[in-house]
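Visitor: I would like to go through the ring contacts in this model and hear the criterion behind each label.

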Amino acid sequence: MKRIILLCAVLLAHFSHAQEGFPKNGVADDRPGIYALTNATIYVDYQTKIENATLIVQDGQVQSVGAGVSIPAGAIVMDLDGKYIYPALVEPYSNYGVPEPERSRGGNGPQYESKLDGPYGWNDAIKSTYNAVEDFKVDGKTATSMRKIGVGSVNAFREDGIMRGTSLFAHLSDLPVQEVVAKDRAAAHYSFNSGSSGQQYPSSIMGIVALLRQTYLDGQWYKTQSEQTNLSLQAWNNAQNLPQVFEANGGKLRVLLADKIGDEFGVRYIVKGNGDEYQRLSEIKSANVPLILPVTFPDAYDVEDPIAALDVSLADMKHWEMAPANAKMLADAGVEFAFTTSGLKKLDDYWSALRKTKKYGLTESQVLKAVTYTPAKYYNMTGSVGALKKGMAANFFIASDNIFDDKAKIHQTWVQGKKYEISDLDPKDYSGKYDLTVGSDRYNLEIDKESGKLVINDSTDVKVKLAISSKTISMTFKQEDDDASTRLSGWVGEASFGGNGQLPDGSWVNWSASRTGDLDKEEKKDEEEEEEVEVPELGDMIYPFVAYGWKEKPTQETILFKNATVWTMEGDGKIEGADVLVQNGKIAQVGKGLSASGARVVDATGKHVTPGIIDEHSHIALSSVNEGSHAITAEVRMYDAVNSEDLDIYRHLAGGVTAAQLLHGSANPVGGQSALVKYRWGASPEELKIKGADGYIKFALGENVKQSNWGNDYRIRFPQTRMGVEQVFVDGFTRAREYGAAKAKYDGLSKKVKASTPAPRRDLQLETLLEILNKERFITCHSYVQSEINMLMSVADQFDFRVNTFTHILEGYKVADKMAEHGVGGSTFGDWWAYKAEVAEAIPYNASLMTMTGVTVAINSDDGEMARRLNQEAAKSMKYGNMDEIEALKLVTLNPAKLLHLDDRMGSIKVGKDADVVLWNNHPLSIYAKPEMTLVDGIVYFSVEKDEEMRQWVADERTRLVKKMLDAKNGGAKTQKPRKSQKHYFECEDLMVEDYTLKD
């Protein structure tokens, strides 16, 4: 291959760039620096390829590109016959040139206030005033490593905080920083991570979301007020017109959560995903959220040890198999995405990962679009980078072959018209057949570019490790009978090699190799055919993406249960030999001798039909439970922490549970807003919600909230005594009442006056407390001892509302008469006692005694394991308190429905109510009773028959994936060791074990 040089070698060196407005040191060099790169296959953009084309570069920009382009006089011509030119990659998510943040050093006790001096916001996790360009420095080492893979420009930000400030867009040249920076304030960045902030708040995903929501509201309020200067809110507002980039660290559900925040405030985030978006593809598609995708595909697990293999969940196994197809599935769904190097252990792995996405079904055009046009589009840079068109930056790379060929090499990367050498542009091809002599032994050697093999006796192939440069060669090979390798090194000639080497026995020899001919064309053709890889077959998608997920989501059915003992929980109590018709998700008929055309008939002779069990107090299916930072965190919402993938949902369905209140923990007097959900296994977090349900909130009393057992460091936060807890309530409700009065006053103004009067600042915390005062939100309160129970009822009377439910309430039997008078219900345990000082006087007769006094009583779980046997917990009140069986079953059906204000929709078998129904094989209060079928909204989410099928499918699927991983390992793929998780499942057959911890 020729390289025509029209000017001397000096001109090939990069030109010095004069900076306008800067003094010149030395003699000015104003040479034009025109390049003509000819005879190449040029990709003008991700979808336009021109054969035998010429690219003209001048003054750092593309002047022209195409076939038959005229070469300007004085241009440096490079003949790139056989080479490929691509637009340089655009990295959308980088920390290039931006220093890492200083981490907050822990002090004595928790930090509640901001450490910033000056007129800034109150929370250090909102770093809106940070502008990355102010800290930016050209990083030659990192730029070199990124140019090696063809990257020409980056969006760079500092990875610190919930609001991370603004990024810059920069080129990866070594020009002065003023020319490298293409755009200041390129985008605003957000995350679900507090970063270097040492403040206690927020300490949970619910708190992070609440802080973001409050900051959006504060930003809107700040525009209308003149009372204060707040540089944090000012910078926040100034960043809102930029592209908004949100890192949804934590999985695909966090992508949906980020989008939900954006929807609330009219913001369309560009979301940095996690590579598992395919697992909630329909929801991601519906969200219409543009993505930045990592290509950090997991290695196969080393599952040779069958016991260790049990530590690998089915979800992790399936993700290993399906992760490389994530982009293909998103593309097919019409979801926009760009790729990022972020998260890769080695940048050199980027192209192999991109090629893998192609092997899993993406087209070359789709991959190129995701690394050039789309990331440039995200930052409004398509007029400058991502393609090779007149006037755009001359950012491109030159490759030896089609870049998607595994053997393709990048020779040069050009950035802003400057050439950076990566590998020899014209490497000599030493491919061919050679006669190799090593001492007295002779071999047939075949070299295919830089790989080789020995052919012994025309049959046995021995791999040879080769390293060849223009001057030196080294070879290593090992034959089957040798204990060690033969190692050779030496010189390189025109068609021969030679030098010295060491045999396996350590003796030194001379060696030589001379070329005898070309490789067989037929062999090369076969090799090319072997490189054509079909799209790998993948296993079934399941919803949710854990064991016992559905391959196909179940749908509503018309089901007729015949001849059962029906526990209506209504006036009839129970009816022997009765029928229940479920249709369109509702209880359609209850009676005897029923029939329905097209219904699935279930013979329930000798069996029992009950309403679904409702768990009034649960913490399952939550990614976080406590925002224990401040004494009042009424602004946080448990809906923001709902984890629809929790296998406990399926297990509880197997125990007949169909709905639950997912509560905040008891770390503070006023916790967060509850999530009321139905156990629609396989649905998204949003779909689990009970639509139209009243709002609830968790309060707490006792030792937890005053942090008396947290250690000496936790003596800062008020309250520290039980008296202080009361004051927290009084103060909070007083402020809420004043807040409500201010709102009412503003709402009462005329339109004319409102136009010139700023609206009061919206306060999410006080707004929630005001909902309690207005009887729009209802309290479930963690409680133990009678003195505090009386105290909270007194506070409620003072502010003219009532407490809805005392949960735990283990001394409720002492104050049951006062509870009945106040109108508060009790949700308690069957027989828990003696697990801490506050429960010293708990008795197992509590539920019965409160019921006898007229209190609406429920039995709850507060425990992931106990929830599967709530029917047995209810039966304990028959044992200890001689409770009637109907009243006992109401403890976990109709009564919790009443406490949650859902008794018009669930809790009993009544025509018109939701078809949340359980078919039991035995008396439902018996320890021998097992659900045979559990329906939610008329959908069978659990049945023993389906469960047996799913158990077998899980076992078969694990077997298939184990074999696939073993094949991958034996094929030379990298592997990782199995890791035990905090929540550990054995999913095969009956081995289903989990470590549970009491969360409240």
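Visitor: What makes R254 lie over the face of F192?

Guide: R254 is 6.0 Å from the ring centre of F192. A charge sits over a ring if NZ of Lys or CZ of Arg is within 6 Å of the ring centre and within 35 degrees of the ring normal. The model is predicted: local features need pLDDT of at least 70, side-chain atom pairs count only at pLDDT 80 or more, and totals for chains, interfaces and linings use all residues. Residues are numbered from 1 along each chain as its sequence is written, and side-chain values use heavy atoms, with hydrogens and water left out.

Visitor: Which ring does the charged end of K553 sit over?

Guide: That of Y543, with the charged end 4.9 Å from the ring centre.

Visitor: Why is the pair of Y650 and F942 called edge-to-face?

Guide: Rings of Phe, Tyr and Trp (its six-membered ring) pair if their centres lie within 6.5 Å; planes under 30 degrees apart count as stacked, over 60 as edge-to-face and the rest as tilted. The centres of Y650 and F942 are 5.9 Å apart and the planes stand at 65°, so the pair is edge-to-face. The structure holds 36 aromatic pairs.

Visitor: Are Y650 and F942 buried or exposed?

Guide: Buried means under 20% relative accessible area, exposed over 50%, partly exposed in between (1.4 Å probe, protein chains only). Y650 has 2%, so Y650 is buried; F942 has 7%, so F942 is buried.

Visitor: Which residues do ring pairs link into a cluster?

Guide: The cluster consists of Y190, F192, Y216, W236, F246, F265 and Y269.
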